Number of protein chains: 2
Amino acid sequence: MDFRPINIADKFEQFSEHWSPKIVAGMNDYHLKLVKFQGDFVWHEHKDTDEVFLVLDGEMVIHFRGRDVRVAKGEMFVIPRGMEHKTSARHECCALLVERAGTVNTGAAGGNMTAPAEDWI
Amino acid sequence: MDFRPINIADKFEQFSEHWSPKIVAGMNDYHLKLVKFQGDFVWHEHKDTDEVFLVLDGEMVIHFRGRDVRVAKGEMFVIPRGMEHKTSARHECCALLVERAGTVNTGAAGGNMTAPAEDWI
């Protein structure tokens with residue numbers, strides 16, 4: 001049992017890669033992850049799980065087919081399971097994700113932006 | 001489908017009660033809740049679920065039997081299932097909780113600090 005709180009800013013200092021979520025905590029069969037990103041991700045969906053984005057710094061856009069949602073610092077959005085989406089950010093964006101353990105960032109789409117599902121820091 | 005992002009600050013402005021978590025989003029069978037609190041809560045445990053606290057403003061202490069953990073703004077802590085604990089805050093603290101849907105704030109302890117498990121804002 002580790003009784004140290006998880007300092008979000010300290011964790012963000014430990015990595016600089018984009019589009020590569022890092023797990024900072026587990027709860028039940030879920031993971032809390034931190035991610036940095038800039039530019040455009042790939043279209044994908046998660047068939048079996050919703051996905052939470054809480055923007056901690058910067059601003060992101062979640063693109064759905066026919067609709068874009070701008071999510072700024074201090075805002076949260078839950079992407080429903082099975083809904084095709086693409087994330088983007090003009091400038092670097094830092095976010096906290098809540099995802100079921102084992103969730104792959106590109107869903108079933110695959111490709112070279114696929115990151116490890118189990119990358120703890 | 002609601003395409004508006006959830007603005008955390010706006011949600012916090014919608015209530016002032018202490019120790020009464022408000023649900024702001026659902027993901028799968030989990031809820032994301034906001035809570036304000038000050039003073040001391042009651043000793044309790046959640047037998048079947050871990051519980052996440054992310055402090056967004058102020059500072060809290062999570063008391064365990066024989067050990068206290070101070071969690072400041074920008075820090076997170078996961079309280080393991082089955083571990084008796086009590087939360088406290090000297091000054092008002094604002095936090096985001098991630099909990100399995102239906103989690104009652106006082107666990108099995110009950111008492112007059114028990115809040116509704118399904119209070120959406």
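**Close-up views of a two-chain model**

**View 1. Surroundings of B:T87.** Leaving out residues up to four places away in sequence, B:T87 touches B:F37, B:F41, B:M60 and B:I62; two residues are in contact if their C-beta atoms, placed from the backbone, lie within 7 Å. The model is predicted: local features need pLDDT of at least 70 and side-chain atom pairs count only at pLDDT 80 or more, while totals for chains, interfaces and linings use all residues. Residues are numbered from 1 along each chain as its sequence is written, and chains are lettered from A and ligands numbered from 1 in the order in which they are written.

**View 2. B:T87 in its strand.** B:T87 is part of strand β8 (residues 85-100) of chain B. Helices (H or I, at least four residues) and strands (E, at least two) are DSSP runs, numbered from the N terminus. B:T87 counts as buried because it has 24 C-beta neighbours inside 10 Å; the cut-off for buried is 20 or more other C-beta atoms within 10 Å, with C-beta atoms placed from the backbone. A distance of 22 Å separates the C-alpha atoms of B:T87 and B:W120, which are 33 residues apart along the chain.

**View 3. Contact between chains A and B.** Chain A gives 25 residues to the contact and chain B gives 25 residues. On the side of chain A that touches chain B, β7(A) provides the largest share, four residues.

View 4. β1(A) pairs with strand β7 (residues 75-79) of chain B in the antiparallel sense, over two bridges; strands pair if DSSP finds at least two bridges between them. B:E75 in β7(B) is the bridge partner of A:N7.

Technical notes:
Buried ≥ 20, exposed ≤ 12 C-beta atoms within 10 Å, placed from the backbone.
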